[in-house]
Amino acid sequence: MKNVLFVCTGNTCRSPLAEVLFRDLVKDATDYEVGSAGVGAFSGQNASRHSVTLAKNKGLDLSKHQSRAVTIDLIENATHIFALGRSHLAALLSDYPEAEDKIYLLSEFTADDRLRGRDVSDPFGGDLEEYREMQEHLEKLLPSIHAFIEQTWKPTQP
């Protein structure tokens, strides 16, 4: 099973939207688990209203999302961890150096030179347009990480 974890700061804006968009991208595959968490998250917070709205506009549901903090269990169970920004990547690598081989920057694999290596901007506290820009970046980046996972996945032998 491929277990993909998206990580941002509070797990209320970027990573929940990445989670539902990626889950939709792989909806026909039966070998994916998809989740999200935050390096500075307070557990139990709802997704931001603009992220909920953007998901709903795509026919996706974020209304029941509850934020959660990154834990050792999430890290150990994940096969692929995608940080939405360089600060998240640094925090993950600092706190979980043993997982270095499965932690990546979300924009690392895109063919778009304008987006490669860049953070997915944090729209927290911004207007719907800022959230929409973040969503557009996610929609450009997620297919490349899907391709990366599919091309490099080696299932564990029993």
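Start your tour in the largest nonpolar core, which has 31 residues; select F6, L17, F22, F82, L106 and L138, those with the most contacts inside it. A nonpolar core here is a set of buried Ala, Val, Leu, Ile, Met, Phe, Trp, Tyr and Cys residues joined through side-chain atoms within 4.5 Å. Buried means under 20% relative accessible area, exposed over 50%, and partly exposed in between, with a 1.4 Å probe and protein chains only.

Before going on, a word on the model: it is predicted, so local features need pLDDT of at least 70 and side-chain atom pairs count only at pLDDT 80 or more, while totals for chains, interfaces and linings use all residues. Residues are numbered from 1 along each chain as its sequence is written, and side-chain values use heavy atoms, with hydrogens and water left out.

Now colour by secondary structure (helices, H or I, of at least four residues and strands, E, of at least two are DSSP runs, numbered from the N terminus). In the core of 31 residues, β1, α1, β2 (32-38), α2 and α5 (128-152) each supply at least two residues. Helix α5 gives the largest share, eight residues.

Next, zoom in on L17. Leaving aside neighbours within four places in sequence, L17 is in contact (heavy atoms within 4.5 Å) with S51, L54, A55, L62, M134, Q135 and L138. Then select L5, I81, A83 and I103: they are included in a second, separate core of 15 residues.

**Helix α4**

Move to helix α4 (residues 86-95), where the buried residues are H88, L89 and L92. They lie on the same side of α4 because they cover an arc of only 100° around the axis, the arc being that of the directions from the helix axis to the C-beta atoms. Select S87 and S94 to see exposed residues on the other side of α4. What covers the buried residues includes β1 (2-8), α1 (14-25), α3 (72-77), β3 (80-83) and β4 (103-105).

**H50 in helix α2**

Go to H50, in helix α2 (residues 49-57). Is H50 buried or exposed? H50 is buried, with a relative accessible area of 12%. Not counting residues up to four places away in sequence, H50 touches G126, D127, L128 and Y131.

**The largest pocket**

Show C8, T9, G10, N11, T12, C13, R14, G40, F42, Q45, D122 and F124, which line the largest pocket. About 150 Å³ of space lies in this pocket, and its lining has four nonpolar, six polar and two charged residues.

Stay with two of these lining residues, N11 and G40. N11 lies in the loop between β1 and α1 and is buried, with a relative accessible area of 0%. Check the backbone too: N11 has a positive phi of about 60° although it is not a glycine. Most residues other than glycine have a negative phi.

G40 sits in the loop between β2 and α2 and is partly exposed, with a relative accessible area of 41%. Draw a line from the C-alpha atom of G40 to that of R114, 74 residues apart along the chain: the separation is 28 Å.

**The cavity**

Finish with S107, L115, R118, D119, V120, H137 and L141, which line the largest cavity. About 30 Å³ of space lies there, and the lining has three nonpolar, two polar and two charged residues.

**Terms for the last two stops**

- On a 1 Å grid over the protein atoms alone, a cavity is a set of points where a 1.4 Å probe fits but cannot get out; a pocket is an open set with protein on both sides within 12 Å along at least five of seven lines; lining residues have an atom within 4 Å of a point.
- Grid points are joined across faces, edges and corners, and a volume is the space filled by probe spheres set on the points.
- Ala, Val, Leu, Ile, Met, Phe, Trp, Tyr, Cys and Pro count as nonpolar, Asp, Glu, Lys and Arg as charged, and the others, Gly among them, as polar.
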